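The structure comes first, and the text follows.

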Amino acid sequence: MRILVTGGAGFIGSHLIDRLMAQGHEVLCLDNFYTGTKRNIIQWLDNPNFELIRHDVTEPIRLEVDQVYHLACPASPVHYQFNPVKTIKTNVMGTLYMLGLAKRVGARFLLASTSEVYGDPDVHPQPESYRGNVNTIGPRACYDEGKRVAETLAFEYYREHKVDIRVARIFNTYGPRMLENDGRVVSNFIVQALQGKPLTVFGDGSQTRSFCYVSDLVEGLMRLMNGDYIGPVNLGNPGEYTILQLAEKIQTAINPDAELIYQPLPEDDPKQRQPDITLAKNYLNWQPTIPLDQGLAMTIEDFKSRHQE
Ligand code: NAD
Ligand code: UDP
């Protein structure tokens, strides 16, 4: 098949492309390199089945493909809050144009939505039926509300134009290739510990997240794309940890003497987050296989190898 991956030079997109290329597909990687890098896809640049398109999804484009994985959007709060209006445009205009493309050529379209549609949840763990608790005017809204509109667009293109959609709600994902300056908690703690700097815990560290290793996540995305279930479906690892527990794991793995420093909790930071993955288990026969300790060890090795270059 000929498959378009928007945001393909980013963290999750590049791992997805590795799997698609290994399966023998023709892959078009579309990216504006805001948080993505050529380094992530360099192994494919000379491959005749691979094509790199530098393009911003906030502009229309015509391409002929069978499937679209729509991942283009910065995912770390640091990056998506740097230019919030652009983040909204990326989610709204970008998703609109990619759905338009899918409609024109009859391609199947998968949206990478997010657990952030649940906001700071008052239901725990979060099932797909939970409608969420997002502050529409807060600093995270450009991303959270952007993704909520993206989901709405996908479902309206499905109902009105019969576009064959899939919607994944991705929970915190980590692994090799996260940028050193990504700004998310796993990469921050690993880079800080490797550089002998204190680990920056925001708030008192009692807030929780559930961390999914990237290969598990990519498997879930591919099962969703190639199955019959439309979604939305949660994809994440139900193993839930406080940020302090995560800091301790990374201290143990890299430097038991690494200090912790406490910094203010960002506004609207969700207090707890854990996916209910009953639907993914039932409809996709999917669940994560890599426990946090093992995934962290593989991620730390990747950061170490980059440090040595
Ligand atoms: P990432 O920042 O590494 O990748 C995003 C990619 O999109 C980058 O390559 C970036 O350059 C590209 N991009 C951004 N804006 C663009 C634009 N306007 N036009 C073209 N390309 C653009 O992030 P990621 O972690 O790989 O996330 C991929 C997708 O998964 C995103 O849509 C994100 O919202 C979603 N997601 C990720 C997580 C996670 O924990 N990693 C959780 C929930 C949802
Ligand atoms: N966090 C932290 N130190 C950091 C970066 C993040 O304590 O250096 C916290 C952050 O406040 C949040 C959690 O870790 O409670 C996860 O943050 P991240 O930005 O990785 O993802 P998100 O908040 O979008 O789930």
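## Helix H1

In this predicted model, helix H1 (residues 11-22) has twelve residues and reaches 17 Å from its first C-alpha to its last, close to the 16 Å expected at 1.5 Å a residue, where the expected span is 1.5 Å times one less than the number of residues. Helices (H or I, at least four residues) and strands (E, at least two) are DSSP runs numbered from the N terminus. Just after H1, Gly-24 takes a positive phi of about 90°.

Buried residues of H1 include Phe-11, Ile-12, Leu-16 and Leu-20, a buried residue having 20 or more other C-beta atoms, placed from the backbone, within 10 Å of its own. The buried residues of H1 pack against strands S1 (2-6), S2 (26-31), S4 (67-70) and S7 (173-174) and against helix H6 (214-226).

## Shell around ligand 1

H1 gives the most to the shell around ligand 1, with three residues. Of the 27 residues around the ligand, Gly-7, Gly-10, Phe-11, Thr-35 and Gly-36 come nearest; a residue is near if its C-beta atom, placed from the backbone, lies within 6 Å.

## The whole chain

The protein chain has nine helices and 13 strands. Its C-alpha atoms fill a box of roughly 55 × 45 × 40 Å, taken along the principal axes, and 45% of its 309 residues count as buried.

## Conventions

Residues are numbered from 1 along each chain as its sequence is written, while chains are lettered from A and ligands numbered from 1 in the order in which they are written. Local features need pLDDT of at least 70 and side-chain atom pairs count only at pLDDT 80 or more, whereas totals for chains, interfaces and linings use all residues.

Definitions and conventions: A residue is buried if 20 or more other C-beta atoms lie within 10 Å of its own, exposed if 12 or fewer, and partly exposed in between; C-beta atoms are placed from the backbone. Two residues are in contact if their C-beta atoms, placed from the backbone, lie within 7 Å.
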